[in-house]
Amino acid sequence: MKKDVLLKADYRYNFDRDIYFNRKVKKAFSLEFVDDKPEEEILRRIGENTNGGGWTFYFNSPPSEGVKRELERVLG
Amino acid sequence: MPPRTNEDMIREEYFDLLPDVRRVVWYLEAEIRYHTRQILQRLKPYEQLIIKSRVKDCESAVRSLRRRQEGGTFDPEKLGGYSLLRLPDLAGVRVLVFPRGRVNEVNSELSAQFVHWSSDPVLDGRGAVLANKYIGKCLQVSTKIQAEYQVLPMLIGLYWEVEHPAIYKPVPAAKAPKDKASSGPMEKLDASVVEALLNFEAEFECLKLDELEVP
């Protein structure tokens, strides 16, 4: 299951925002993205090198800068 | 003065809509009571039919609308681009029935009356219907507000009254686990409770209480 793949990679679920996130690698997946994409793509995105600077958001519709700022604030 | 946020604008919309929402919930409850009155009169002493209505509160409505956005976040660059009219359950009525044989009877009666309403049943993990849910409008009192009514087994409904605020839709102040990924055991327990309640109803029906002398 896709959820298990994320949990195994140390992603946690934020129930209020419906996103899977990993603070260490600064990546977040929306529930819609996880629902719609195949497991292979989720695995590929988990392994993707993002240089670890700022947060990377995997959404179906790319979030605006405002949404990113808000989520970065929430995720810490 | 700090700039207005999407949340501020939605709260303002909420109070503009509130008189309409109240009219809808009163009307819907009255209609449901009227159309179930004959079933109510036929109930045996141990059977129950309880009708509860509620207007979604303001913060719950704001949160519900926010969580419908991807990432559960309003876009500050789309100020004013959100409306509570998208919510299907600003006004809601719940019909709790025991035992479940009566659920089907009530559901059939009401679905025959609310023919234009959309069915959106609540399913369990295996796809079985836990609650019959319908969404529509009471055009006699409001053309804007969407309402919802549910017909469900009383035991499940009463359990949800405790479980939903604590686990299903935790509020920020609640101490309930907010991280669903870490609440796996809770999900399993929830499924077990629902299954136990359904089994209780099934076993109860097997007793064929009709044949017993129940005072």
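Begin the tour of this predicted model by selecting A:Lys27, which stands opposite A:Thr56 in strand 4 of chain A. The two strands concerned, strand 3 and strand 4 of chain A, pair in the parallel sense over three bridges.

**Chain A: the sheet**

Four strands make up an open sheet, ordered 1-2-3-4, with mixed pairing. Strand 1 (12–14) and strand 4 (56–58) of chain A are at the edges with a single partner strand each, so one side of each has no neighbour in the sheet. From one strand to the next, the twist averages 25°.

Colour chain A by pLDDT next. The mean for the chain is 92, and 99% of its residues score at least 70. Confidence is highest in strand 3 (residues 27–30) of chain A, at 96, and lowest in helix 1 (residues 2–8) of chain A, at a mean of 90.

**Chain A: two loop residues**

Most residues other than glycine have a negative phi, and most peptide bonds are trans. Against that background, select A:Asp18, in the loop between strand 1 and strand 2 (19–22) of chain A. A:Asp18 is not a glycine, yet its phi is positive, at about 55°. A:Asp18 counts as buried because it has 20 C-beta neighbours inside 10 Å.

Move on to A:Lys26, in the loop between strand 2 and strand 3 of chain A. The phi of A:Lys26 is also positive, near 55°, in a residue other than glycine. With 17 other C-beta atoms within 10 Å, A:Lys26 is partly exposed.

**Across to chain B**

Display the contacts between the chains: 14 residues of chain B touch 20 residues of chain A. On the chain B side, the contacting residues comprise seven charged, four polar and three nonpolar residues.

Now show chain B on its own. Its secondary structure consists of five helices and six strands, running α-β-α-β-α-β-β-β-β-α-α from the N terminus on. Of the 215 residues in chain B, 27% are buried. Among contacts between residues at least 6 apart in the sequence of chain B, 68% join residues at least 24 apart.

Select strand 2 (residues 91–98) of chain B. Eight of its eight residues are buried, so the strand is largely enclosed by the rest of the structure. B:Ala91, B:Val93, B:Val95 and B:Val97 point one way, while B:Gly92, B:Arg94, B:Leu96 and B:Phe98 point the other way.

Strand 6 (residues 146–153) of chain B runs parallel to strand 2 of chain B, with seven bridges between them. In that pairing, B:Leu96 stands opposite B:Leu152.

Follow the chain past B:Phe98, where a cis peptide bond, with omega about 0°, joins B:Phe98 to B:Pro99. B:Pro99 is placed in the loop between strand 2 and helix 3 (100–113) of chain B.

**Chain B: helix 2**

For the last stop, select helix 2 (residues 58–67) of chain B. Which residues of this helix are buried? They are B:Ala61, B:Val62 and B:Leu65. Viewed down the axis of helix 2 of chain B, these buried residues fall within an arc of 100°, so they line one face of the helix.

Terms used
Residues numbered from 1 in each chain as written. Chains lettered and ligands numbered in written order. Predicted model: local features only at pLDDT ≥ 70, side-chain atom pairs only at ≥ 80, totals over all residues. Contact = placed C-beta atoms within 7 Å. Nonpolar A, V, L, I, M, F, W, Y, C, P; charged D, E, K, R; others polar. pLDDT = per-residue confidence, 0-100. Buried ≥ 20, exposed ≤ 12 C-beta atoms within 10 Å, placed from the backbone. Arc of directions from axis to C-beta. Pairing = 2+ DSSP bridges. Axes fitted to C-alpha atoms, helices over the stretch in contact; angles between N-to-C directions.
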